[in-house]
Amino acid sequence: MSILKEEFPVEAMDFVTAGEASAQIKRLLKKLGVDAGVIRRLSIACYEAEINLVIHSDGGKLVLEVDSNEVTLISEDVGPGIPDIDLAMTEGYSTASEDVRMMGFGAGMGLANMARNADRFDISSKVGEGTTIKMYFSL
Amino acid sequence: MKLGQIMKLLDARAISDTVDEELEIQCACASDMMSDVLAFPKEHMILLTGLVNPQVMRTCDMLDIRAVVFTRGKLPSAEALRMANEEGISVLATENTQYIASGKLYAGGMDNGTKG
């Protein structure tokens with residue numbers, strides 16, 4: 001049974017507000033009394049997803065769903081999509097611009113780090129349409 | 001190692017409204033790439049960085065990092081400092097370069113929290 005479902009829009013290339021959705025999600029989970037270790041892993045994965053939405057997509061959203069035994073975090077965007085997911089999952093591979101790197105991101109660690117922190121990780125992408133990432137965290 | 005001791009080792013000054021000198025720090029991470037910081041999170045970690053934008057504080061918030069040292073005389077942007085004060089993150093600044101600051105902490109017994 002779903003305890004909570006909430007959507008957080010994320011704007012492309014908005015570095016001022018980047019991370020605000022993740023901060024809100026972290027506070028929400030704390031309020032719900034979710035285990036601190038789960039919150040930590042989810043916060044990292046969520047922030048990575050949010051940064052990816054900001055730097056790679058044309059805009060998207062994060063969807064948080066909490067039920068009694070699992071937290072689900074979905075990142076959905078409209079954008080260029082990922083032509084080669086295996087390559088994109090390789091640590092160190094990045095298509096981020098120099099401007100993004102100057103902001104401290106785009107080291108090519110994001111997707112792999114999301115997968116590492118989630119209990120289950122699914123990614124699907126269509127070139128020219130967008131990318132959906134689903135991450136599951138057991139409670 | 002307490003944050004107060006780190007301040008002495010690095011000859012660092014307080015930048016945030018409050019600095020918790022009693023804060024216990026177990027390991028340190030030096031990086032300008034927040035992507036890398038996010039990939040190697042440790043508990044009770046201090047961050048040494050030359051990146052001054054608000055994403056530094058956002059990264060700290062996500063990883064529960066309670067103390068940051070800006071190296072090479074750099075100072076956080078006004079927005080970054082505002083966020084640090086709001087989150088109660090202790091912010092320090094040192095004239096030492098990232099390399100020298102890291103060396104001083106390492107020589108002082110600070111771990112990096114990983115092997116190698």
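At a relative accessibility of 16%, B:A28 counts as buried, where buried denotes a relative accessible area under 20%, exposed one over 50% and partly exposed anything in between, as computed with a 1.4 Å probe on the protein chains only. The model is a predicted one, in which local features need a pLDDT of at least 70 and side-chain atom pairs count only at pLDDT 80 or more, whereas totals for chains, interfaces and linings use all residues. Residues are numbered from 1 along each chain as its sequence is written, chains are lettered from A and ligands numbered from 1 in the order in which they are written, and side-chain values use heavy atoms, with hydrogens and water left out.

B:A28 belongs to strand β2 of chain B, which spans residues 27-30; strands here are DSSP runs of E with at least two residues, and helices are runs of H or I with at least four, both numbered from the N terminus. Leaving aside residues up to four places away in sequence, B:A28 is in contact with B:M45, B:I46, B:L48, B:L105, B:M110, B:D111 and B:N112, contact being defined by heavy atoms within 4.5 Å.

The cysteines were examined next. The structure holds 0 disulfides over all chains, a disulfide being a pair of cysteine sulfur atoms within 2.5 Å. B:C29 takes part in no disulfide, and the nearest cysteine sulfur, that of B:C27, lies 8.3 Å away; B:C29 is itself buried, at 16% relative accessibility. B:C60 is likewise buried, with a relative accessible area of 1%, and its sulfur is 9.9 Å from the closest cysteine sulfur, in B:C29, which is too far for a bond.

Between the chains, helix α2 of chain A (residues 36-56) packs against helix α3 of chain B (residues 54-63) at an angle of about 150 degrees, with the axes 8 Å apart. These axes are lines fitted to C-alpha atoms, for helices over the stretch in contact, and the angles run from 0 to 180 degrees between N-to-C directions. The two helices are therefore roughly antiparallel to each other, given that angles over 145 degrees count as roughly antiparallel, those under 35 as roughly parallel, those from 65 to 115 as roughly perpendicular and the rest as oblique. A:R40, A:S43, A:I44, A:Y47 and A:I51 of α2(A) meet B:Q55, B:R58, B:T59, B:M62 and B:L63 of α3(B). By class, this contact has 5 nonpolar, 3 polar and 2 charged residues, where Ala, Val, Leu, Ile, Met, Phe, Trp, Tyr, Cys and Pro count as nonpolar, Asp, Glu, Lys and Arg as charged, and the others, Gly among them, as polar. B:Q55, which lies in α3 of chain B, is buried at 1% relative accessibility; beyond residues up to four places away in sequence, B:Q55 touches A:F15, A:A18, A:Y47, A:I51, A:F105 and B:M34.

Two further helices of chain B carry their buried residues on one side. In α1(B), residues 3-10, the residues B:L3, B:G4, B:I6, B:M7 and B:L10 are buried. They cover an arc of only 160 degrees around the axis, which puts them on the same side of α1(B), the arc being that of the directions from the helix axis to the C-beta atoms. Their cover includes β1 (13-14), β3 (45-49), β4 (67-70), β5 (90-93) and α5 of chain B. The helix is followed by B:D11, with a positive phi near 50 degrees. In α4(B), residues 78-87, the buried residues are B:A80, B:M83 and B:A84. They span an arc of only 100 degrees, which places them on the same side of α4(B), and B:A78 and B:E86 are exposed on the other side. The buried residues of α4(B) pack against α3 and β5 of chain B, and just after α4(B), B:G88 adopts a positive phi of about 75 degrees.

Two single positions complete the description. A:A118, in the loop between α5 (110-117) and β4 (120-126) of chain A, is buried with a relative accessible area of 9%, and it touches A:R41, A:M135, A:Y136 and A:F137, residues up to four places away in sequence not being counted. B:Y106, in helix α5 of chain B (residues 98-107), is exposed, with a relative accessible area of 66%.
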